[in-house]
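Please open the model in a viewer and keep the sequence beside it.

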Amino acid sequence: MSAPLLAIRDLRVAYGKVEAVRGVSLTVEAGRVVTVLGANGAGKTTLLNALMGVLPATGGIRFDGRDLARLPVEERVDLGLSLIPERRELFGSMSVEDNLRLGAFRFRGRNRGDLDAMFALFPRLKERRRQLAGTLSGGERQMLAMARALMGRPRLLMLDEPSLGLAPLIVAEVMRTVARLRDEGVAVLLVEQNARAALAVADHGFVLDGGAVVLEGPSAALQADKRVIETYLGVLAADAQG
Ligand SMILES: Nc1ncnc2c1ncn2[C@@H]1O[C@H](COP(=O)(O)OP(=O)(O)OP(=O)(O)O)[C@@H](O)[C@H]1O
Ligand SMILES: [Mg+2]
């Protein structure tokens, strides 16, 4: 069996004296979608920021067999990690197309094919290529944030609550895109509070509570887990599962 693309062992992150991530271990295999579920304050964003190198952490982070612990953010990006933060930071006064071009800036202009590939993946962005990013709808902004990250050709795309504030139809579209990325060989670490949407697309899931992993398993097993249903999926899912 080949080594996982990402392997985190006993990761700990503290804000001053308060530990927000308390010994998390998880792995992401190449070309898989792994979701991390958890309520507000569970430590999801803190975990992603530590993986990206924005926050200092202790414990082991290996990516493609390399120890990331002491690498700065830029080198993690060069290795193929990419994070789309919760706020989907875009350059609002720049066009859709210019935002996309900036996503490939580390290739210094040698990225001609990619823009067309992104417009094929997100036709809506093509129609709006001249529109200012700041005037896009929430769903379009999330699409642009994903497309811009993909312009950097990541091997692992980390998404922090991509469904936040989006209508169900748009959430489904975002998740379909995630599935498509997996088909193209990009691994995805999907942080979500929307357990239903995330488990529908993920191969494997982890449930974070109070900074620690309290449950993990294949998505199908989590979807059927009584604790997940009660806490994260609600009554409707419980009914549907009998
Ligand atoms: N800069 C900070 N300084 C101090 N405490 C922080 C800081 N950022 C986050 N925390 C605390 O760390 C804990 C985890 O926060 P985090 O943002 O990682 O949660 P989350 O799972 O992403 O929540 P949400 O779903 O609301 O985004 C929370 O208790 C939060 O108050
Ligand atoms: Mg968060």
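Begin by selecting strand S3 together with strand S9 (residues 204-209): the two run parallel and are joined by four bridges. Within this pair, Thr35 stands opposite Gly205 in S9. The model is a predicted one, and every stop on the tour should be read with that in mind.

Strands of a sheet pair through backbone hydrogen bonds, in either the parallel or the antiparallel sense.

Five of the five residues of S3 are buried, and the strand is described as mostly covered.

Next, select strands S1, S2, S4 and S5. They form an open sheet in the order S2-S1-S4-S5, with antiparallel pairing. Strand S2 (18-28) and strand S5 (66-67) stand at the edges; each has a single partner strand, so one side of each is left without a neighbour in the sheet. Strand S4 (residues 58-63) pairs with S5 in the antiparallel sense over two bridges. Look there for Phe63, whose bridge partner in S5 is Arg66.

With H1 still displayed, turn to ligand 1. The largest share of the shell around ligand 1, three residues, comes from H1. Residues around the ligand include Lys44, Thr45 and Thr46, as well as Tyr15, Ala20 and Gln193.

Is Thr58 buried, exposed or partly exposed? Thr58 counts as partly exposed, because 13 C-beta neighbours lie inside 10 Å. Draw a distance from the C-alpha atom of Thr58 to that of Glu216: the two residues are 158 apart in sequence and 22 Å apart in space.

Move on to the loop between S5 and helix H2 (73-79), where Pro72 lies. Pro72 is exposed, since 10 other C-beta atoms lie within 10 Å, and a residue counts as exposed at 12 or fewer. The C-alpha atoms of Pro72 and Val54 are separated by 8.1 Å, and these residues are 18 apart along the chain.

Finally, display the whole chain. Its secondary structure comes to 10 helices and 10 strands. The radius of gyration is 18 Å, close to the 18 Å that the globule rule gives for 242 residues, so the chain is as compact as a globular protein of that length. Along the principal axes, the C-alpha atoms fill a box of roughly 45 × 45 × 40 Å. Of the 242 residues, 41% count as buried. Among contacts between residues at least 6 apart in sequence, 66% join residues at least 24 apart.

How values were computed
Residues are numbered from 1 along each chain as its sequence is written. Chains are lettered from A and ligands numbered from 1 in the order in which they are written. This is a predicted model: local features need pLDDT of at least 70, side-chain atom pairs count only at pLDDT 80 or more; totals for chains, interfaces and linings use all residues. The radius of gyration is taken over C-alpha atoms; the globule rule is 2.2 Å times the number of residues to the power 0.38. A residue is buried if 20 or more other C-beta atoms lie within 10 Å of its own, exposed if 12 or fewer, and partly exposed in between; C-beta atoms are placed from the backbone. Two residues are in contact if their C-beta atoms, placed from the backbone, lie within 7 Å. Two strands pair if DSSP finds at least two bridges between them. A residue is near a molecule or strand if its C-beta atom, placed from the backbone, lies within 6 Å of it.
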